[in-house]
Structure formats: structure tokens, C-alpha cells
Amino acid sequence: MEQVFDMACSLFDEHYRPEVFMYFHQTWPRGQLVVCSPEGRVLGFINGVLCGDGAARVMLLGVNRMMRGLGLGPRLLKEFEARAVMEGCQRITLELRASKQRLLAFYLRNGFVAEAMLPAYYSDGEDGVSMSKPIQLNI
Ligand SMILES: CC(C)(COP(=O)(O)OP(=O)(O)OC[C@H]1O[C@@H](n2cnc3c(N)ncnc32)[C@H](O)[C@@H]1OP(=O)(O)O)[C@@H](O)C(=O)NCCC(=O)NCCS
């Protein structure tokens, strides 16, 4: 958890408190995933919460800069989706900054659709975009 916290602080514009990661873990342990190197170094992670309305929400997704473009992000998303399905969820939701066009393209490639603009969604006044992806049990 300490490594994930350090990585989140280095990757994201927002400032996070360590208690937030404890909260994620306590509310839905199976919705918190990490990919580690054989030596135990965190290479990527995803944190999510269950929203109670049939949605699982991606709060944070991050991949070590040295490991980008290798498919770790999509693999984390896929496993997250599988776990959300097991909880009875029908969709995955998330929000991102409107200025993050590469990130928007990443989520579109991974099956998400943009749903709405969220005016002044972030603490610095930047607009957000909400996205969602329908999920279902594949058996
Ligand atoms: C978005 C992110 C999780 C993608 O993970 P990944 O494992 O690199 O995913 P992929 O292997 O599918 O590659 C992503 C593609 O996006 C590109 N990319 C690189 N940096 C990116 C960034 N900061 N944001 C979006 N896309 C990025 C890569 O070049 C790659 O393009 P390619 O397929 O043409 O090579 C990763 O880039 C990341 O951690 N970004 C910073 C943190 C972030 O913004 N997280 C999401 C908000 S919570």
C-alpha cells in the first residue's frame, strides 16, 4: 500500500492522503489490484469502489513510466471488470480531466464511451468527462 501511495503521488496531479488507500482497501478489498515485479516492486495498480447502483467506479489507475505501452493498464482494467461482474455490477464508470486527450483515447480503446461533461469538476476548476463501459458475465 505504501508503494502504491508513493506511485500515485508521483503520477497524479491531485494530492492524496494515505487514509484514502486504506478506505479503498477496507470497502472493497477485491477491487484493489497491483501488478508486481518478481522482486515485489509495484509496476501498476488500480483502485476502485462499488457505487451501489450497479456500477463499479475506477478511482485510480497507474502504470510505472518504464512499463507503459506494454498492456499492463488494459490487463488491470480487464481483471477489475471481471471482479466487478462477480459483484453483480453491470457497468464500470470513471471520470477524467477534460484536457487529458491521450487518456481519453486510452479509455475509448478499452471499450469506454464518454457520457457527459462535468463543469469545474476538479479542485482547480478544470472540467471533467465521465465515461462508462457496460460489462457482463462471460461464461
Ligand atoms: C493510462 C495508463 C494507465 C495506460 O497504461 P499502459 O499499461 O501504458 O496501457 P497500454 O499498454 O494500453 O498503452 C497505453 C497507450 O497510451 C499511451 N500513453 C502513454 N502515456 C500515456 C498517458 N499518460 N496517458 C494516456 N496514454 C498514455 C502509450 O503510448 C500507449 O500507446 P501505444 O499503445 O500507441 O503504445 C498509463 O499511461 C498511466 O499510468 N498514465 C498515468 C496515470 C494516469 O493518467 N492514469 C489514469 C487516470 S486515474
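Reader: Hi! How do the residues of the shell around the ligand divide into nonpolar, polar and charged?
Author: There are 10 nonpolar, 4 polar and 2 charged residues in that shell. Here Ala, Val, Leu, Ile, Met, Phe, Trp, Tyr, Cys and Pro count as nonpolar, Asp, Glu, Lys and Arg as charged, and the others, Gly among them, as polar. Bear in mind that this is a predicted model: local features need pLDDT of at least 70, side-chain atom pairs count only at pLDDT 80 or more, and totals for chains, interfaces and linings use all residues. Residues are numbered from 1 along each chain as its sequence is written.

Reader: Thanks! Which residues are the closest to the ligand?
Author: R68, G69, L72, G73 and R102 are the closest of the 16 residues that surround the ligand. Being near means that the C-beta atom, placed from the backbone, lies within 6 Å of the molecule.

Reader: And which element gives the most to that shell?
Author: That's β3, with 4 residues. At least two residues each come from β3 (55–63), α3 (72–86) and α4 (101–109). Helices (H or I, at least four residues) and strands (E, at least two) are DSSP runs, numbered from the N terminus.

Reader: Switching to the core: which members of the largest nonpolar core touch the most others?
Author: I46, V58, L61 and F80 do, in a core of 23 residues. Such a core is a set of buried Ala, Val, Leu, Ile, Met, Phe, Trp, Tyr and Cys residues joined through C-beta atoms within 7 Å. Buried means 20 or more other C-beta atoms within 10 Å of the residue's own, exposed 12 or fewer, and partly exposed in between, with C-beta atoms placed from the backbone.

Reader: What does L61 touch?
Author: Leaving out residues up to four places away in sequence, L61 touches I46, G73, L76 and L77. Contact means C-beta atoms, placed from the backbone, within 7 Å.

Reader: Nice. In what order do the strands of the sheet come?
Author: The order is β1-β2-β3-β4-β6-β5, an open sheet of 6 strands with mixed pairing. Two strands pair if DSSP finds at least two bridges between them. β1 (32–36) and β5 (113–118) are at the edges with a single partner strand each, so one side of each has no neighbour in the sheet.

Reader: How many bridges join β5 to β6?
Author: 5 bridges, and the two strands run antiparallel. M117 stands opposite V129 in β6.

Reader: And how many for β4 and β6?
Author: 7 bridges, again antiparallel. There, E95 has S130 in β6 as its bridge partner.

Note on methods:
Contact = placed C-beta atoms within 7 Å.
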